[in-house]
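Grab a pencil: here are a few exercises, each with a worked solution. Have the viewer open while you go through them.

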Amino acid sequence: MGALRDEHHNGWLMPSGSYPAAVYEDEWVDQETVPSSPAPTRIVSLRPTGFEAARTVGEHIRASTPVVMDLTEMEEAEAKRMVDFASGLIFGTRGGIERIARRVFLLTPADVEVMVIDRPLDETGFYNQS
C-alpha cells in the first residue's frame, strides 16, 4: 500500500492499519493453474494389415491414447516398417513402447506410465524384430 503525501506530518501519511482490508472475490483461487491430465479412459487395439494404418496409430498417440498394435496379420517387411514408424513416433512424442508378445506392441504417450513386472530385455534396449 502506498503512502500519501502530507505537508503537515513530516511529509508523508502512512496507513494506520485500523481500516479493514479490502476483500476481493477471485474466481481463480480454487482452480489449479495447470490442469492435471486425467488417466487415459481407453486403450485402442489395432490389427493392421498394411502400412496405411500408420496414420491411425499416429493420430491416437498424438491424442494421448495408448495403442496395442498387433502386427500378426502383416507381412514381415511391412511389419518391420510399421515398427520403425512406431519407434520414431514414440521417440518424437517422448512416449513408450513395450513388446507384449511376438509382433504385438503397446505404444503409450508420454503421460502414461507402464509398469513391467517381468521384462526380458537385452543390454541395448532395442527389440529384435525377427
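A salt bridge here is a side-chain nitrogen of Lys or Arg within 4 Å of a carboxyl oxygen of Asp or Glu. Lys and Arg count as positive and Asp and Glu as negative, while His and the chain ends are not counted. The model is predicted, so local features need pLDDT of at least 70 and side-chain atom pairs count only at pLDDT 80 or more, while totals for chains, interfaces and linings use all residues. Residues are numbered from 1 along each chain as its sequence is written, and side-chain values use heavy atoms, with hydrogens and water left out.

**Exercise 1.** Work out how strand 5 and strand 6 are joined.

Step 1: get the elements. Helices (H or I, at least four residues) and strands (E, at least two) are DSSP runs, numbered from the N terminus. Strand 5 covers residues 96-101 and strand 6 covers residues 104-108.

Step 2: check the pairing, which takes at least two DSSP bridges between the strands. Here there are five, and the strands run antiparallel.

Step 3: look at the turn. The two strands make a hairpin with two residues between them, and arginine 103 in that turn has a positive phi of about 65°.

**Exercise 2.** Is arginine 103 buried or exposed, and which side chain of opposite charge is nearest to it?

Step 1: apply the cut-offs. Buried is under 20% relative accessible area, exposed is over 50%, and partly exposed is in between (1.4 Å probe, protein chains only). Arginine 103 comes out at 18%, so it is buried.

Step 2: look for a partner. Arginine 103 has no salt bridge, and the nearest opposite charge is glutamate 76, 5.4 Å away.

Step 3: list the neighbours, with contact meaning heavy atoms within 4.5 Å. Leaving out residues up to four places away in sequence, arginine 103 touches several residues, among them Met69, Asp70, Glu75 and Glu76.

**Exercise 3.** Find and describe the aromatic pair.

Step 1: set the rule. Rings of Phe, Tyr and Trp (its six-membered ring) pair if their centres lie within 6.5 Å; planes under 30 degrees apart are stacked, over 60 edge-to-face, and the rest tilted. That gives one pair.

Step 2: classify it. Phenylalanine 51 and phenylalanine 85 sit 6.0 Å centre to centre with 85° between the planes, making the pair edge-to-face.

Step 3: Phenylalanine 51 is in the loop between strand 3 (44-46) and helix 1 (54-62), phenylalanine 85 is in helix 2 (residues 76-93), and they are 34 residues apart. Phenylalanine 85 is partly exposed, because its relative accessibility is 29%.
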